[in-house]
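Take a look at the model below.

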Amino acid sequence: MNNYEHIASEIIKYQVKIIGSVVAIGLAEKVKGLSVTNPKNVTVAISGEPKKVINELVGQCEFLWGNLGVLECKDASEKLLGLLSSNEIPDRLK
Amino acid sequence: MTTVGFAQTVKNNKFLYRLTFVLFIALTMCYLYIHHLGLDSTLTVRQIWGSTYQILAILGGITGLFVARTWGYKSLFGKAILFFAIGLLLQAFGQSVDSFYNFFLNATIPYPSLGDLGFMGSVFAYIIASIYLLKATGIQVSIKSIKGKALAICIPLILLVTCYFFFLQGYQFDWTNKLKIFLDFGYPLGQATYVSIALLAYISSKNYFGGTLRLPFVFLIIALIFQYISDFTFLYQANAGTWYVGGLNDFMYFVSYTIMTLALIYFGGVHKAILDQDK
C-alpha cells in the first residue's frame, strides 16, 4: 500500500473500532475510487486521484460525526501525514 | 452528504416504535386512573402496576441485545449498547424479585435482597456503558485541551460531592452488615459516576459532535440523565420514608425505561439508514 492507502486504512480502522466493521467499511466503500480489498486487515486500494479519495473519506466521517469525525480522521492519520510534503496532504486533513 | 434524520430511521423499526408507544400510553392511562381513585384503596392495583411496567425494560433490553449485535459486539458502540441493554434487563430482574416478595411472600422487601443484585448490577452496567460511550465520542480528541481536562475532573467531582452531602453525610456505620454498607455507598456513588461520565461525554464533545450519530447519542444521554433523576428520587424518598409502591417515583422509572428503549430502537434504525444512504 502507498502512503495514501495507508492513511485511508488507518482512518477506516479507527472507525471500525468505534462503530464496527459493517458501517465503517460500508461507508468507506461508498467513496468513489476506494475499495477495501481485505476487510479483515482493512487493506485498501485507491484508484484515481488519492487526495480527492481521502477528502471524500473524511467527508463520510463528517457525515457520521460532524466536526468530530474530521478530528478523528486527523488523529488517526497524524503519524502518516508526516511522510507527506505539505502540498501532498489532502485539504480535509490540514 | 446530508445527515440521516430521525424520520428516515423510523421506517426501519415501525413495529417496535408502535409497540413502545402503545405500552407507554396504556400504562400511563392505568397509572392516572389508579391515582384518580386515591391511594388508600388501591394498594393491590398499585402493586400490580408497579410490577407490570418493567415490561418496557424487558422490551428495551432484548431490543438492545439485537441492536448491539448489528453494530458489532467488538465495536465501542456495540459494547455501549450491549451494556445499556444488560442494565435494563438487570433493572427488570430487580423489580421482578421485589414483586415476588410483594405478591407471593406477602412480605416487606428486605434490604439487602436478591433484587439488589439486579439494581446494583444495573448501576455497574450503566457505568461500563457510559465509559464505552465516552471513548466512542472521541474523549481522546477533545481531552487534549485544558478546558477538556478541567471538565474531566470537575464534572465527576461536583456530582460525587453533591451526592455525598445528600445521602452519606453523617452516615452511621454498622460493620455487622458489610453488604448494606457497600450498597448504601454503592448506589449513590455508582449512580453519580455513570451520570457524570455520560455528562462528560456530552459536554466534552458538544462543540464538535454533529452529523448523523449526534441525535441518537443525545437521546441516550437524556435516557441516562432521566434514569439518574429516578434513582436519585428513589434514594431521597426512601431515606425520607415517603416512597410508596406505584407512586410518582415508579412512574419516573417507567418513563426512563421508555426513553432508554426508544434510544436503543433509534440506534438500531440509524444503523440501517446509514447503510441505505446513496453515494
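The lining of the largest cavity has nine nonpolar residues, two polar ones and no charged ones. Here Ala, Val, Leu, Ile, Met, Phe, Trp, Tyr, Cys and Pro count as nonpolar, Asp, Glu, Lys and Arg as charged, and the others, Gly among them, as polar. A cavity is a set of points on a 1 Å grid over the protein atoms alone where a 1.4 Å probe fits but cannot get out, and lining residues have an atom within 4 Å of a point. Among the lining residues are A:Ile11, A:Gln15, A:Leu57 and A:Cys61. Helix H1 (3-19), helix H2 (21-28) and helix H3 (50-65) of chain A each give at least two residues to this lining. Helices are DSSP runs (H or I, at least four residues), numbered from the N terminus.

This is a predicted model: local features need pLDDT of at least 70, side-chain atom pairs count only at pLDDT 80 or more, and totals for chains, interfaces and linings use all residues. Residues are numbered from 1 along each chain as its sequence is written, chains are lettered from A and ligands numbered from 1 in the order in which they are written, and side-chain values use heavy atoms, with hydrogens and water left out.

Now move to the interface. In chain B, 27 residues are in contact (heavy atoms within 4.5 Å) with 23 residues of chain A. By class, the side of chain B that touches chain A holds twelve nonpolar, eleven polar and four charged residues.

Note on methods: 1 Å grid on protein atoms, 1.4 Å probe; cavity = no way out; pocket = protein on both sides within 12 Å on 5 of 7 lines; lining within 4 Å.
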